[in-house]
Amino acid sequence: MRVRAVGERGGEHATNPAASYIEAVTTGTGSERQDGAPVSSARAASSPAAGGSAGRIIGLDAARAAAILGMLAVNVGPLADDALAGKVMRIPHGRASLLFVLLAGIGYSLLTRHARAGGPLPWRQVVWRAVFLGLIGLSTQLLGHGVDVILTVYAALFLLALILARAPTWSLLALVAVTALLGPVVWLALQHATGQVFDREAPTLLDPPVQILAATFLTGPYPVLTWLAPFVFGMWLGRLALDDRRLQLRLAGWGLVVALVAEAVARFAEVVVGPTGEDPGTDWLLSSVAHSQMPLWLIGGTAAAVAVLGGMLLALPHLGRLGWPLVATGQLALTVYVVHLFAVAWLVRPGPQTAAGGLVISMVMAVVFIAACTIWLRFWSRGPLEALLRLPSRRAT
């Protein structure tokens with residue numbers, strides 16, 4: 001059975017994705033590049049007949065599932081509980097969302113890879129995805145879930161990144177460094193200059209356009225000013241040979257090291273300088289508090305995301321068939337994310353009252369979502385929202 005590679009006419013996985021995965025893990029498809037160099041069989045399928053087009057790297061789907069499940073636990077909460085369950089719930093806090101955005105950057109790089117080779121920019125697909133995600137994000141923010149929906153910033157990042165699609169690889173790293181280090185400084189300086197503390201309120205569909213733009217780029221929970229760094233870093237990663245096992249080892253190892261060093265520096269600074277104040281100030285610059293928008297958090301959280309990515313890429317080939325439910329969940333990530341917002345709003349709130357209760361609810365929801373995604377992909381090639389997200393590319397075929 002031949003599985004079409006990404007970039008072939010017909011799009012991703014013209015055949016059943018579950019069957020493609022099972023064939024890959026049972027036959028070792030993609031375990032060796034054409035030049036003989038060993039690579040990870042985390043790539044679902046790679047077709048030499050596709051003229052060198054890369055197959056879908058299902059390790060990315062597994063990492064996306066980890067991000068979604070981590071965000072699920074954080075959004076169910078509560079996170080303020082100091083019991084063991086509370087500490088477990090706080091592990092993905094400020095890290096799962098960065099992993100989600102990092103993976104979005106990788107996906108964006110893969111989407112625009114033909115443009116870097118001299119082809120046209122897929123601007124229709126990008127604009128449609130931005131509009132689609134923006135409308136979903138602004139609409140679902142109206143639900144009573146108490147969650148800061150991240151999809152609106154996705155829309156802005158997708159549009160902004162069009163000007164970076166053909167940028168030299170070195171310039172992407174330079175932009176990451178500038179935004180990770182200077183973005184937080186500008187974010188603080190603007191609050192100091194205006195004498196106001198940004199409200200961190202996520203925009204909704206009912207807000208005026210100016211307020212939506214301000215919240216998306218500056219005053220909201222995911223300001224583009226600082227979140228551009230992990231997205232662009234993902235774009236840089238997307239240009240690398242992610243199916244190379246040696247690279248995966250470096251991602252996992254160095255990601256973990258950098259994450260630990262960033263946290264250690266923040267802890268040391270807290271001992272020497274003292275705890276940070278409640279209002280944003282220069283004392284925040286050495287903080288690693290989740291969603292503080294500060295450099296150490298951006299660097300440490302993004303590094304942790306890179307470590308998870310490397311770990312998933314390394315582990316998936318060894319999981320065999322057991323890895324498919326995780327991959328399936330990652331392939332339906334958008335649908336799962338949106339459905340979980342409705343579930344939290346309608347079934348969970350106003351609870352849970354304790355972290356232990358929240359952990360149990362999160363685990364039950366995770367099992368249900370994983371099972372539902374696995375069953376869904378036995379009959380359909382992609383999720384409902386994922387199919388809508390790809391409408392322009394399907395019409396072009």
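**Helix against helix**

I first looked up who meets whom: R64, I68, M71, L72, N75 and V76 in α2 touch A333, V336, Y337, H340, V344 and V348 in α14 (contact means heavy atoms within 4.5 Å). By class, I noted nine nonpolar, two polar and one charged residues in this contact (Ala, Val, Leu, Ile, Met, Phe, Trp, Tyr, Cys and Pro count as nonpolar, Asp, Glu, Lys and Arg as charged, and the others, Gly among them, as polar).

A reminder to myself: the model is predicted, so local features need pLDDT of at least 70 and side-chain atom pairs pLDDT 80 or more, while totals for chains, interfaces and linings use all residues. Residues are numbered from 1 along each chain as its sequence is written, and side-chain values use heavy atoms, without hydrogens and water.

Next I checked the geometry: α2 (residues 58-76) and α14 (residues 333-348) pack at about 15°, with axes 11 Å apart. That makes α2 roughly parallel to α14 (angles under 35 degrees count as such).

**Two residues**

Is T152 buried or exposed? I found T152 in helix α7 (residues 151-160), and T152 is buried, at 9% relative accessibility (buried means under 20% relative accessible area, exposed over 50%, with a 1.4 Å probe and protein chains only). Beyond four places in sequence, T152 is in contact with G134, G137, L138, P203 and T216.

Then I turned to Q141, in the loop between α6 (123-140) and α7. Q141 is buried too, at 13%. Leaving out residues up to four places away in sequence, Q141 touches V147, D148, V149, A202, P203 and T204.

Conventions. Axes are lines fitted to C-alpha atoms, for helices over the stretch in contact, and angles run from 0 to 180 degrees between N-to-C directions. Helices (H or I, at least four residues) and strands (E, at least two) are DSSP runs, numbered from the N terminus. Angles under 35 degrees count as roughly parallel, over 145 as roughly antiparallel, 65 to 115 as roughly perpendicular and the rest as oblique.
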